[in-house]
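Me: I would like to learn how to read a few features of a structure, one at a time. Could you take me through them?

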Amino acid sequence: MMKNRWKRRRLSSSQIIMLGFMGVIALGTILLMLPFARADAGGAPFLDALFTATSATCVTGLITQDTATYWSAFGQTVILGLIQIGGLGVVTVAVFITRLSGRKIGLMQRSTMQEAIAAPQMGGIIRMTGFILRMVVIIEGIGALALLPVLIPEFGVGRGIWYAVFHSISSFCNAGFDLMGIKEPYSSLTSYTGSAAVNVIVMLLIVVGGIGFLTWDDVKRNRLHLRRYRMQSKVVLSVTCLLIVLPAVYFYFQEFGKSAWADMTTGEKIFASFFQSITTRTAGYNTVDLTKLTQSGQMIMILLMLIGGSPGSTAGGMKVTTFAVLFATAIAVFRRRPNAHIFGRRIPNDTAHYAATVLVLYLSLFLAGGIFIGCAENMPIVPALFEAASAIATVGVTLGITPDLCVASKIVLIILMFLGRVGGMTIVYAALSTKHPYVSEFPQEKIMVG
């Protein structure tokens, strides 16, 4: 009897994804606590190891210790491995290993893979996995080669190659981990504000990694025939362009046009404007001191962080498609239409309901985390909200407060990073996986809103 009950109980796709990420984080924490994972003698404390492993696996980039100076070559390699697994997704890596071993991939694995990469259907999911892995190797390889001419002359052949590989993978996976702390701890890419090569290469890697695997597939199949693209790909590309250009215009004229940035050239201001616009939606690097931005600029960065990248990508946040559906739904309400429309296609009402739920979930976690950190640290609310948004959206940009936070605040950030990468809805579905058939409904009654 008990055996039959055990057989009937199977893990849902959401539970598999959640447990997979938890397992990788646990393994990463153990490896980072080993004595030879640190540059100095002795293993890393549990909280530092857990925080770093979570940040790397969830491709966030928030750190409690400088990556370049605190961790040894082994520790940095572990972090890079966690970034790669987290960027691809635990399920994608597991499917790849299963294929290499020659084992058959069952229906359950295909269903989990479909949910992990946000694919619209299960058909062709194994082909998509192979395509993703090939593209990742090619793009990260090109990125590393492109960085070599800049990094080898500065750091030498061996270190230059390692730095090129590390930053290419970190950029593509939207992780934001860097090894530039050897110049100045926690400096990120601020020494490359005027470097056209580093700015362009890193920005392209971030954007390509953040537009999503399905959009890649559309680009490969349909090239420049935009009409043939899926509606989702059209939304991703158009909204991504808007969220790059409009904030960049704001940063250039309203932020970098102020006297605090008078020592920057026009070219540096242009690069800085576009870089901050792109990196804010989940990459985690910064080429300027973000504490010098006005509170208005920091609030715009918070909004960009919460929107995030695209579904089925290495990026986090609520996703640009969620933002587009909410905006289209609002337009439909204003025009008294029963359904939202995007690119000549009707959006199902349940999609709008899902988007609204994701918005409420992210805002609740973001505000709760920010208010908790503000109270625990007795600090102004904007820096606290900035840090919470960076964690829940798995971005990694920071105003420099992470290393000095108390234990409780760091634990809150760990939870936010995990929920942000796995997905709040995935956690809810994992906890409430049992489906109950609804045979009756409550009486309906109207309530006035707005």
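Me: Is α17 mostly covered or mostly exposed, and how many of its residues are buried?

Reply: This is a predicted model. Buried means under 20% relative accessible area. By that cut-off, 11 of the 12 residues in α17 are buried, and the helix is mostly covered. Among the buried ones are V382, L385, F386 and I392.

Me: What covers the buried residues of α17?

Reply: The cover includes α14 (295–307), α16 (349–377) and α18 (407–422). As for its own geometry, α17 runs over residues 381–392 and reaches 16 Å from first to last C-alpha, close to the 16 Å expected. Just after the helix, T394 has a positive phi of about 50°.

Me: Which residues form a nonpolar patch on the surface?

Reply: L242, V245, L246, V249, F253, I270 and F274 form it, with about 640 Å² of accessible area together. The elements giving two or more residues to this patch are α12 (231–255) and α13 (266–279). The most comes from α12, with 5 residues; L242 lies in that helix.

Me: How many aromatic pairs does a search of the whole structure find?

Reply: The search finds 10. A pair of aromatic rings is described by the distance of the centres and the angle of the planes. For Y250 and F251 the centres are 5.7 Å apart and the planes are at 65°, so this pair is edge-to-face. F256 and W261 also form an edge-to-face pair, at 4.9 Å centre to centre and 80° between the planes.

Me: Are F256 and W261 buried or exposed?

Reply: Both are buried. F251 is buried too, with a relative accessible area of 0%. Elsewhere, F172, F213 and W216 form one aromatic cluster.

Technical notes:
Residues numbered from 1 in each chain as written. Predicted model: local features only at pLDDT ≥ 70, side-chain atom pairs only at ≥ 80, totals over all residues. Heavy atoms only, no water. Helix = DSSP H or I, 4+ residues; strand = E, 2+ residues; numbered from the N terminus. Expected span 1.5 Å × (residues − 1). Buried < 20%, exposed > 50% of the residue type's maximum accessible area, 1.4 Å probe, protein only. Contact = heavy atoms within 4.5 Å. Patch = residues over 30% accessible without salt bridge, like charges linked within 9 Å, V, L, I, M, F, W, Y side chains within 5 Å. Areas by Shrake-Rupley, 256 points an atom, 1.4 Å probe, with all protein chains shown as cover. Salt bridge = Lys/Arg side-chain N within 4 Å of Asp/Glu carboxyl O. Phe/Tyr/Trp six-rings, centres within 6.5 Å; stacked < 30°, edge-to-face > 60°.
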